[in-house]
Amino acid sequence: MTVRALAAMVSVLAFSALFGLVAGKPAHAEGWPPRYDTDGLCFRNANSTDGFSPEAVTSCLASQSNALNRLRRIWDVIPTGLEDDCDERTRITGRQDYIALENCIKEQMSQNTTVPLVPPREAPVHPKDDDEPPQ
């Protein structure tokens, strides 16, 4: 092996190690949900003790596609930390499932909403209160 080839290999390895340490998470395109293997998920789900069900594959793929499209529409407004957390939670299960990712995000977003302590006053409590001059 020549010195030049060895130097090129070292620089590639160094770049890969640096990028891996900096990234630290599964790569996905900025502004888009992570890429999941929905074909594999759906084909595994369609295999049962009764045999293989093509209808189950078709239904699963349609459901996954619909969930992915819903996620794409809202992905830009989801906080980055929440995206990453739900992606990790989904991947930990071993199932790359857009429906599970969508449910996680919806659940987390509903828990992160702030509820006002006192609701805004829209109408007077007593109609006469507005008619009487202050004392």
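This is a predicted model: local features need pLDDT of at least 70, side-chain atom pairs count only at pLDDT 80 or more; totals for chains, interfaces and linings use all residues.
**Exercise 1. Overall fold**

Task: State how many helices and strands the chain holds, and give their pattern along the sequence.

Solution: 
- Step 1. The secondary structure consists of 6 helices and 2 strands.
- Step 2. Read along the sequence, these elements follow the pattern α-α-β-β-α-α-α-α.
- Step 3. The chain has 135 residues, and 21% of them are buried. Its accessible surface is about 10,400 Å², with 59% belonging to carbon and sulfur atoms.
- Step 4. Of the contacts between residues at least 6 apart in sequence, 65% join residues at least 24 apart.

**Exercise 2. The disulfide of C42**

Task: Identify the disulfide partner of C42, and determine the handedness of the link and whether its two cysteines are buried or exposed.

Solution: 
- Step 1. The structure holds 2 disulfides. In one of these, C42 is joined to C60, with an S to S distance of 2.1 Å.
- Step 2. The angle about the S-S bond is -70°, and the link of C42 and C60 is left-handed.
- Step 3. C42 belongs to helix 2 (residues 38-46) and C60 to helix 3; the pair links distant parts of the chain, 18 residues apart.
- Step 4. Buried means under 20% relative accessible area. C42 has a relative accessible area of 0% and is therefore buried; C60, with 14%, is buried as well.

**Exercise 3. Packing of helix 2 on helix 3**

Task: Describe the crossing of helix 2 and helix 3, and determine which residues make the contact.

Solution: 
- Step 1. Two packed helices are described by the angle between their axes and the distance between the axes.
- Step 2. The axes of helix 2 and helix 3 cross at roughly 145° and come within 8 Å. The crossing is right-handed.
- Step 3. Helix 2 contributes T38, D39, L41, C42, F43, N45 and A46, while helix 3 contributes A56, V57, C60, L61 and Q64. Both cysteines of the C42 to C60 disulfide are among these contact residues.
- Step 4. By class, the contact has 8 nonpolar, 3 polar and 1 charged residues.

**Exercise 4. Packing of helix 3 on helix 5**

Task: Describe how helix 3 packs with helix 5, and classify the contact residues.

Solution: 
- Step 1. Helix 3 (residues 54-74) and helix 5 (residues 98-111) pack at an angle of about 40°, their axes being 8 Å apart.
- Step 2. The crossing of helix 3 and helix 5 is left-handed.
- Step 3. On helix 3 the contact is made by S63, Q64, A67, L68, R70 and L71; on helix 5, by Y98, I99, L101, E102 and I105.
- Step 4. These residues divide into 7 nonpolar, 2 polar and 2 charged.
- Step 5. Q64 of helix 3 takes part in the contact with helix 5 and in the contact with helix 2.

Conventions: Residues are numbered from 1 along each chain as its sequence is written. Side-chain values use heavy atoms; hydrogens and water are left out. Axes are lines fitted to C-alpha atoms, for helices over the stretch in contact, and angles run from 0 to 180 degrees between N-to-C directions. Helices (H or I, at least four residues) and strands (E, at least two) are DSSP runs, numbered from the N terminus. A crossing is left-handed if the near helix is turned anticlockwise from the far one by less than a right angle, and right-handed if clockwise. Contact means heavy atoms within 4.5 Å. Ala, Val, Leu, Ile, Met, Phe, Trp, Tyr, Cys and Pro count as nonpolar, Asp, Glu, Lys and Arg as charged, and the others, Gly among them, as polar. A disulfide is a pair of cysteine sulfur atoms within 2.5 Å. Buried means under 20% relative accessible area, exposed over 50%, partly exposed in between (1.4 Å probe, protein chains only). Accessible areas come from the Shrake-Rupley method with a 1.4 Å probe; for residues, only the protein chains shown count as cover.
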